[in-house]
Amino acid sequence: MRQQTLRMRTRKDAVIGWAFIAPQMVGFVLFVLLPLFSVFLYSLQEKNLLFGTSSFSGFDNFIALAKDPLFAKSLVNTLIFSAGVVPLNLIFSLLLALYLGGGKSGTRFVRSIIFLPVVTSGVAWAIVWKYLLQGGTAGPVNWFLDLIGIAGPNWLFEKGWAMTSVIVTRVMKNLGMNVLIFMGAVLNMPGDVIEAARIDGARRFTLFFRIKLPLLMPTVMMVTIVTIIGSMRVFDTIKLMTDGGPEGSTMVMVYYIYHQAFRMFDTGFASALAVVLFLIVLALTALQWLGRKRISYYES
Amino acid sequence: MSTHHTKGSVRALALLLVLFLSLSLMFAQGANESAKVQGPVALKIATWTSNPDQIALLNSFVEGFAKEKGLPITATFESIPFAEYNTKLSLELQGSNGPDLFWVLETAAPAFIESGLLAKLNEGMKAYDPEDISADALELWSKGGNVYAIPFSTSPFFILYNKDLFAKAGLKTPEQYVAEGAWNWETFRMVAKTIKDKTGIWGFQTVDGQGYDARVLHNLAPMVRSYGGDFWTDDGQVLINNDASVAAVTLFHSMVFKDASVVPPGNQSDFFAGNAAMTVGQISRVSKLNESSFAWGLAPMPAGPKGESPVIGQAAIGAHSKSKNVALASELVAYMTNKSSVAAMAGIWPPARKSVLESEAFLTSNKSVTAGQMKLAVATSIKSGRVLPSHVKYPQIEVESKMVFDKLWQPNANVKAVLDEVAAVYTKYTK
């Protein structure tokens, strides 16, 4: 009798639980799972957005993709972008979090300034930076450089500088979020461990590399994964600041997917690109997740 | 225990499925009910203008048409930025919420006709004297004897200039050079450089400041063609890398990087704000100068070794073949391009109707422009001008060649080598 009541209560709890997550589940199925399956399906089709035509083509899109020099270029560009964004973001956000977590004066103000770009619209951020980075001395950045005797480049129209510019503006835009996450971890570090290390004679660098960093490693891992995935999905900064140029030097993978789907109208090929990007991100995430135990000693 | 768990999960999933199906049915039911609703016909019209006066003018045609048909029609105008127009429009047209009527760019005409997204307009046009529309103007919008869109604008590009800056630099006006027969690209180059050297203000800004990206063809075409070159031809010849084209593009490249007289790539200096002495415009842009802080004038495009070769920007309006109101939309397209409508638009968008174009009223149709200017820079150019090249693969050509054209916008670019690469892209798609 008691067991039956318990079973009924468990069932009731389960129904209530499912009912609570049902709205989210419906949204997830409709707007995430369904499009995801559609992309896999489209990747096996020759599909044209403008003409509204589609026919099964097997793995033709993947074969074409393997031979496409622009795909290789977009892949390399994505790696360059991530290689620039991820370390810069992690190093600066960690250092800032350690500084701001120290409770020194003026940290609230600095914290607000750093977090301001996060709440700013990505579109507005990119447009303002496009204005600031104008070539010649028309842009405020070059005007300032000119004052100190440096002739600034045409930031967004010269190959190497265009990528550097989008990396730096992207890092500045998203730095605040990681600072906030790291600050939470910094403030939660066990004070007694740090105090004990200090008593044992650990100086600043030893304290950081031997004590604080290992304690922060679970957060570092999580932030690394999120930042890598975010950097591989960059679109708005590229679209608004460089349009993938000059000469395709900032054509990253997500932008190339957009380029193929909505400008060349080749939705099938674009879907194949999206599938490849999905697999790359999945592999990277799995790799980091599996390797976390080797790097992170304090993960619960 | 785990069996109970599994059973519970299965039931919960079944519940979810039922919920999902019920929601789908509810939405489907809602759609059926809304289809039955009787009331005003709502039409959506896509354009690339966001000028409120121009939208109001277009809306007045809808009102006139509604009155003529005795039907309550309401129109919603959707303004899509020019640089994104083809991309967003195609996406909307393939979706379920596409516009019923939409403007079409001349360069995209073959692709849109081929896609089947444009409805045939032959029947709707019959009531409005179709023979009055220039056959040359209709050619691009027709296929196999059917008309798929009607040009409402056949608008030549011309030079808009800042009179104050010309006076400050001690130069004659472009109109005076025209009168002397000396308004050619060499004079244009000299004028631009003199203004930059003497006033510090840029001599020339490319059309809408987009001459290095979205409007690269608009920017280069007047020079290239008046030098005797071209991009590609209807019979599949690629001419962008011949000697004449290379000479013309070299001239422009030198203006940008040697003379430093043209607003360079990435610089946002604007003619309309007084930051450049000349730009390329159309009659529809002139209203932007109504409240300008400087005196201005307009002149035809300069001539090259092969004479003048004005470029005409043609735009047409078509009806969406998949629209619920396709018949009504087709009739509205014909109404919007009838004689009285195009006469009302003539001051903004020069028409393709011969009767309006040849009338005296056309020359005085734009209050900001004198009859003399209208004749010199617009009416004459319409007769001798040509539209930009178009192709069924234009979206692909545009995107891929833009990446190659980017190489041109460097001080040490090898113009011939870059144009050879552009030619290879053109050949890939046009042969």
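Does B:Arg215 count as buried or exposed, and at what relative accessibility? In this predicted model, B:Arg215 has a relative accessibility of 4% and therefore counts as buried, the cut-off for that class being under 20%. The residue lies in a loop of chain B, between β8 and α10 (216-226). Leaving aside residues up to four places away in sequence, B:Arg215 touches B:Phe82, B:Phe157, B:Val207, B:Asp208, B:Gln210 and B:Arg285.

Strand β8 leads on to a sheet in chain B. This sheet is open and has four strands, in the order β8-β9-β7-β10, with mixed pairing. The edges are taken by β8 (202-205) and β10 (296-299) of chain B; each has a single partner strand, so one side of each has no neighbour in the sheet. On average, neighbouring strands are turned by 20° against each other, direction ignored.

The partner of β10(B) is β7, residues 158-162 of chain B; the two run antiparallel and are joined by four bridges. Within this pair, B:Ile159 is opposite B:Ala299 of β10(B). Helix α16 of chain B, residues 371-384, packs on the sheet and touches both β7 and β10 of that chain. The direction of α16 makes about 45° with that of β10(B).

A:Phe28, A:Leu30, A:Phe31, A:Val32 and A:Leu34 make a nonpolar surface patch of about 460 Å². One of these residues, A:Phe28, belongs to helix α1 of chain A, which covers residues 2-42. Its relative accessible area is 34%, so A:Phe28 is classed as partly exposed, a class that falls between the 20% limit for buried and the 50% limit for exposed.

Key: Residues numbered from 1 in each chain as written. Chains lettered and ligands numbered in written order. Predicted model: local features only at pLDDT ≥ 70, side-chain atom pairs only at ≥ 80, totals over all residues. Heavy atoms only, no water. Pairing = 2+ DSSP bridges. Axes fitted to C-alpha atoms, helices over the stretch in contact; angles between N-to-C directions. Contact = heavy atoms within 4.5 Å. Buried < 20%, exposed > 50% of the residue type's maximum accessible area, 1.4 Å probe, protein only. Patch = residues over 30% accessible without salt bridge, like charges linked within 9 Å, V, L, I, M, F, W, Y side chains within 5 Å. Areas by Shrake-Rupley, 256 points an atom, 1.4 Å probe, with all protein chains shown as cover. Salt bridge = Lys/Arg side-chain N within 4 Å of Asp/Glu carboxyl O.
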